[in-house]
Amino acid sequence: MAAPKVAVVGAGVIGLSTALCIAETCPSCSVTVLSDQFSPNTTSDAAAGMLIPHSCPGTAIHVQKQWFKETFTYLFSISNSAEASEAGIHLIFGWQVYKNTPDETPPFWSDVVLGFRPMSEAELQKFPHHRSGQAFTTLKCDCPLYLLWLEKRLKAAGAQLYTKKVADLWELHHEYDIIVNCAGIGAHQLVGDEKLFPVRGQVLKVHAPWVKNFIRDGDGSTYIYPGIHSVTLGGTREKDCWSLSPDPGTSKDIFDRCCSLEPSLRGAQVIKVKVGLRPSRQCVRLEKEVLSQGEVKLPVVHNYGHGAGGFSLHWGTAIVAARLVGECIAALQSSSSRAKL
């Protein structure tokens, strides 16, 4: 059969990384990314891009750890290369602090990040309202830079990128052999996934170059993440809220909470406010499906529903999705061979 044509729907961090992984591991196929939004207008552009996993209750811990480890290893290699600044990836040290001692000690990802340890008494003096904490070095992506870098890598690998709103996967079956659904929150409507729901996140980007270390309240509701050009202050976790409009009251609340963790932020200038809808469900949907209309079959690989963990897990899940696409290609080639006999 001719070179299989693969369409990846979605151009956030999951879509672009999955498309790149397919292009690199299945060089016999042609890859096209289709999305109604590309950077800087994706949900991923609003993400903080910190590699600190959020536990996904419906996915086995050892699987989450594997995805995170593969993602960390991949991004660490980029951070250790000449492409680090263009890709927007850098190592960052900081603290995760708790008002109460956490039940889970240490977290499942503690031996993947670098130098994970309990905070010293001297360090805890910086946080008088917190009783315990953890110190470690992890990775941060400056999301718009990373998305543009992924797009550049995709084009270099021969992939095509087109702006197109896909309302139904079947509209693609005349032109493509395999569809990869990385539509994020858009999968709620695209494939009617009622298990998928938005968790609204609002963040501030501020100019505070003196802040060098990340600080994260242990429950994940308040965080300070320094990037290359700005510091991200967050955040919110509003389940089932679809609003993309920034709320001024929420911005003030975020700023005040972050200033209580890092008082020097009182002198920071707010550059912009960003809102994104995290595509959340009990577990990441990462599987093959064959859609049927009469005798017509359409192989689909789903990779969406990462919630707040998109950046922490993206390369690990892209590897699995690319392997599933490889299985779909093998099945198509097998059926093509049988048809010729």
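Helices (H or I, at least four residues) and strands (E, at least two) are DSSP runs, numbered from the N terminus. The model is predicted: local features need pLDDT of at least 70, side-chain atom pairs count only at pLDDT 80 or more, and totals for chains, interfaces and linings use all residues. Residues are numbered from 1 along each chain as its sequence is written, and side-chain values use heavy atoms, with hydrogens and water left out.

Begin by selecting residues 5–9, which form strand E1. Four of the five residues of E1 are buried (under 20% relative accessible area; exposed is over 50%, partly exposed in between, with a 1.4 Å probe and protein chains only).

Now include helix H1, residues 13–25: together E1, H1 and E2 form a right-handed β-α-β unit. Right-handed describes a crossover whose path from the first strand over the helix to the second runs clockwise, with the strands pointing away from the viewer.

Finally, turn to the cysteines. The structure contains zero disulfides (pairs of cysteine sulfur atoms within 2.5 Å). Select Cys29 and Cys26: the sulfur of Cys29 is 5.0 Å from that of Cys26, its closest cysteine sulfur, which is too far for a bond. Cys29 is buried, at 10% relative accessible area.
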